[in-house]
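I opened this entry to record what I looked up, in the order I looked it up.

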Amino acid sequence: MEVCIDFLNWLDPDISVQILMYLEDPSDLVHASSVSRSWRDFVIANGLFKHLCLRMFPQLSRVARVMELNKCGAKEPVEVGSSYSMEWESLARDHRVYATLAQVCTSFIVEDCISEAISASSTDHYPDESIHNTLLPAYTWRASYWSSKGQSNPAVPETLIYKLKSEFCVITEINICPGQELLSSLHIYSSNSVRFRMGHTKGPNDLGSRHLGDSLPCNADDTFIWTYTSPEFPMAQEGCLQNFRLPEPVLCIGGILQIELLGRVQRNEIDGLFYICVSYVQVVGRTLSPTFCVEILEPSGTFVLKNDMQGKFYTPPSLPKNEAHEISDDQLQRGFRYWQHFVNRLEGNENAVEFIEEYESGEEEDEAEVEYTL
Amino acid sequence: MALELKSSDNKIFEVEELVAVQSETIKSLVEDGCADNVIPLPNVDSKTLELVLDWCKNHVDMKLDEEKLKEYEDKFIEVDQAVLYDLLLAANYLNIKDLLNRACQKVADMLKGKTPEQIRETLNIVNDFSPEEEEEIRKENLWAFEE
């Protein structure tokens, strides 16, 4: 007869922790903590869900503490487990919050997480070729792109900064379509490579006075703190939507994303200068609002992770609220139509990559109206 | 150079030093100069020690062939629960990191994809939650219990 042992109560705690840390699927860890009282106590006491989340997202090492908001029920929660104490309650709270976070982060539903464009390091022919052109896929509306200013030195980089839909998002990949001159030369103004940074603003209202498409580049180092830097990805000189999948999903804490475009490859025939152009940007991932929100504690740069227990998970399709009053009606209309289109496509598609491939083929189509000035 | 190890049931195993020092515990003894005589291992029986030494020997022999080694490890760890726990305890006592990791991973594999009830059955654990407590836990983690 096979020997069956409740190993948790028999082995060294260190070994049992090591065993349970091999459970990478959050639902496995939930099931394990529902086996018996001692198992549940063990998972809570050893902070196993916190460890799991930290392994998935090292960015969480900056969490100072967690909070639960809108916890319903005036009565004390059912005391499952052994002794009740302040420390235990703190561990139990960590357990609940990180278990919910693990679930939300591993959900398969993905969407475009860009809320608005903040600024570009330089812009040619502002506002015609401003960064806000990158928010809409070219073939849906009209051929359009953001263009940097020209440089004689091809090593001069550019940056594009975007605000994401919430201050707490999981980002898996970024898609970028370089700008292409469609009238004459068919030159593609890609960059040599790209790199991504994510972070938050330094102070609470640093973006308050910024207008959409402002040609004045903000001094990024003064305004933002970057908590994640991706590896450098080579970019192809092709006028199609290129996929840059991050090595691991990343938690963007603070909702700010920067695209660094490194190295210019294309010289303009007319003025002989090197430019970089981008026609479309898509940041793919999942927003964790309103279930989760963060409060960034300055100057330590750590943050408080808050779980709103009555907040429903944001599930597409659902139209985003218009937060930025700077957006003109025209842009709002375009944005609205874009979202409708995007949402209709995404329904029924489990994988947004299918959607992206449709756009790629769309890029090759001739446009009825092409307005290109360089 | 050869070392002599004695299991809990007094069986002597002669082993190459290179193989035996896969165990950090034995390695320390050798470095401290305490390995001249027979090394007693009161926490490991002969059956388990034989398996452990087989693991160590193969890790020396197949060190450069990752694929072959993985194939060996996968086959090696296909044992029943009792032997698995014995291996785990021995690996911990003898401080053989890769064996300990593999054994822990195997135990975890026993839990993966199982409901709490299935885990209880596998490990012969009694459910000591009250119905109210169970309900509370289910509500907390509805998502994990959706089938």
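For the first count I took a polar contact as a pair of N or O atoms within 3.5 Å, where, within protein, one must be able to donate a hydrogen and the other to accept it. The model is predicted, and I kept that in mind throughout.

**Entry 1, the contact between the chains**

I counted nine residue pairs in polar contact between chain A and chain B, with both residues at pLDDT 80 or more. I then asked which elements of chain A give two or more residues to the side that touches chain B. They are helix H1 (13-20), helix H2 (26-32), helix H3 (37-45) and helix H5 (86-105) of chain A. H2(A) gives the most, with six residues. By residue type, I found that this side of chain A divides into 19 nonpolar, seven polar and eight charged residues.

I looked up the extent next. Chain A puts 34 residues into the contact and chain B puts in 37 residues. The two chains bury about 3300 Å² between them, and 67% of that lies on carbon and sulfur atoms. On the chain A side, I noted that A:Tyr22, A:His31 and A:Val35 supply 18% of the area buried against chain B, more than any other three residues.

How many salt bridges are there between chain A and chain B? I found one. It pairs A:Arg37 with B:Glu133, and the closest N and O atoms are 2.8 Å apart.

I turned to the interior. In soluble globular proteins, nonpolar side chains tend to be buried together. Here the largest nonpolar core has 82 residues. Among those with the most contacts inside this core are A:Phe7, A:Trp39, A:Leu60 and A:Phe168.

I picked A:Leu60 and listed its neighbours, leaving out residues up to four places away in sequence. A:Leu60 touches A:Cys53, A:Leu54, A:Tyr98, A:Leu101, A:Phe168, A:Leu251 and A:Phe303. I also noted a second, separate core of 31 residues, which includes A:Trp146, A:Val194, A:Val278 and A:Val283.

I followed three of them.

A:Glu232 and A:Arg195 meet at 3.9 Å, N to O. I checked this pair against the salt-bridge cut-off of 4 Å. A:Glu232 sits in the loop between strand E8 (224-229) and strand E9 (233-234) of chain A, while A:Arg195 is in strand E7 (residues 191-201) of chain A, 37 residues apart. I looked up accessibility: A:Glu232 is partly exposed at 48%, and A:Arg195 is partly exposed at 21%.

A:Arg197 and A:Glu260 form a salt bridge at 3.3 Å, N to O. A:Arg197 lies in strand E7 and A:Glu260 in strand E11 (residues 256-264) of chain A, so the pair ties together parts that are 63 residues apart in sequence. Is A:Glu260 buried or exposed? A:Glu260 is buried, with a relative accessible area of 10%.

In chain B I took B:Asp74 and B:Lys70, whose side chains meet at 2.9 Å, N to O. Both lie in helix H4 (residues 66-76) of chain B, four residues apart, about one turn of the helix. B:Asp74 is partly exposed at 27% relative accessibility, whereas B:Lys70 is exposed at 51%.

Last, I checked for shared partners: salt bridges join A:Arg195, A:Arg197, A:Glu232 and A:Glu260 into one network.

Note on methods
Residues numbered from 1 in each chain as written. Chains lettered and ligands numbered in written order. Predicted model: local features only at pLDDT ≥ 70, side-chain atom pairs only at ≥ 80, totals over all residues. Heavy atoms only, no water. Contact = heavy atoms within 4.5 Å. Buried area = accessible area lost by both parts, 1.4 Å probe. Polar contact = N/O pair within 3.5 Å; in protein donor to acceptor, adjacent residues only side chain to side chain. Nonpolar A, V, L, I, M, F, W, Y, C, P; charged D, E, K, R; others polar. Core = buried A, V, L, I, M, F, W, Y, C linked by side-chain atoms within 4.5 Å. Buried < 20%, exposed > 50% of the residue type's maximum accessible area, 1.4 Å probe, protein only.
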